[in-house]
Amino acid sequence: MTDVEVEIEPVSGAVRPVAEGLFTWPDAPRLIATSCVACATTTFPKQASCPRCTGTDMREVTLATRGRLWTWTIQGFEPKPPYAGPTPFEPYGVGYVELAADAEGASSVLVESRLSESSPDRLAIGAEMDLQIVPFRRDDDGTEVVTFSFRPAEAAG
Ligand SMILES: [Zn+2]
């Protein structure tokens, strides 16, 4: 009996967001937030009631794809479970990006996010950051699961 080498490439090509209602998908991804009709406070991810005034009249809004880095840090050691990331662990940037809501009167919101950049030399408070959709993991059936991240905006010019 001879060994037969079989190589099967995952061919599903399917891609899905890591969570429903987190960002619009697949066309023109934008983060989905809620804005309180009573006091205009914007929350991300979506919430059923307002953390500021406890109102429950919330409207769905999308967020700008570019914002400013409010603060950041580098996650330099592996977080405790249920952390699920690449093995071996690789340091990554984490930050808050201030994003305007695409709706008149709605406040801006600070969004906690992974950053594509893990080099402190390339991150600065106040820097412009762009939304990106990145691979997160793969399902058993080969479906690519994607999540959002922010990267430093390309320098203009
Ligand atoms: Zn409110």
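Predicted model: local features only at pLDDT ≥ 70, side-chain atom pairs only at ≥ 80, totals over all residues.

User: OK. How many helices and strands are in the chain?

Analyst: The chain has 0 helices and 9 strands.

User: Back to that Cys36 pairing. Which strands does β2 pair with?

Analyst: β2 sits in an open sheet of 3 strands, in the order β3-β2-β4, with antiparallel pairing. The edge strands, β3 and β4, each pair on one side only. Between β2 and β4 (residues 58-62) there are 5 bridges, and Ile32 has Thr62 in β4 as its bridge partner. On the β3 (residues 42-43) side, 2 bridges make the antiparallel pairing, with Ser35 opposite Thr42.

User: And what holds strands of a sheet together, in general?

Analyst: Strands of a sheet pair through backbone hydrogen bonds, either parallel or antiparallel.

User: Is β2 enclosed or open to the outside?

Analyst: Largely enclosed by the rest of the structure, because 4 of the 5 residues of β2 (residues 32-36) are buried. Buried is a count here: 20 or more other C-beta atoms within 10 Å of the residue's own, with exposed at 12 or fewer, partly exposed in between, and C-beta atoms placed from the backbone.

User: What about Met58, buried or exposed?

Analyst: Met58 counts as buried, because it has 20 C-beta neighbours inside 10 Å. The C-alpha atoms of Met58 and Thr34 are separated by 5.9 Å, though these residues are 24 apart along the chain.

User: Which residues is Met58 in contact with?

Analyst: Leaving aside neighbours within four places in sequence, Met58 is in contact with Thr34, Ser35, Cys36, Val37, Gln47, Ala48, Ser49 and Cys50. Contact means that the C-beta atoms, placed from the backbone, lie within 7 Å.

User: New topic: which residues touch the most other members in the largest nonpolar core?

Analyst: Leu31, Ala33, Leu63 and Val109 do, out of 19 residues in that core. β5 (66-75), β6 (92-99), β7 (109-115), β8 (128-138) and β9 (144-152) each supply at least two of its residues, and the largest share, 3 residues, comes from β7. A nonpolar core here is a set of buried Ala, Val, Leu, Ile, Met, Phe, Trp, Tyr and Cys residues joined through C-beta atoms within 7 Å.

User: What does Leu63 contact?

Analyst: Beyond four places in sequence, Leu63 is in contact with Arg30, Leu31, Ala33, Phe44, Leu99, Ala101, Asp102 and Val109.

User: How do β8 and β9 pair?

Analyst: Antiparallel, over 9 bridges, and Arg138 stands opposite Glu144 in β9. They form a hairpin with 5 residues between them, where Gly142 in the turn has a positive phi of about 95°. β8 is also joined to β5 by 3 bridges, again antiparallel.

User: Which residues other than glycine have a positive phi?

Analyst: Ala40 has phi near 70°, and Thr54 has about 65°. Ala40 lies in the loop between β2 and β3 and is partly exposed, because 16 C-beta neighbours lie inside 10 Å. Thr54 is in the loop between β3 and β4 and counts as exposed, because it has 10 such neighbours.

User: Last one: what is the span of the C-alpha trace?

Analyst: About 75 × 40 × 35 Å along its principal axes. Of the 157 residues, 20% count as buried.

How values were computed:
Residues numbered from 1 in each chain as written. Contact = placed C-beta atoms within 7 Å. Pairing = 2+ DSSP bridges.
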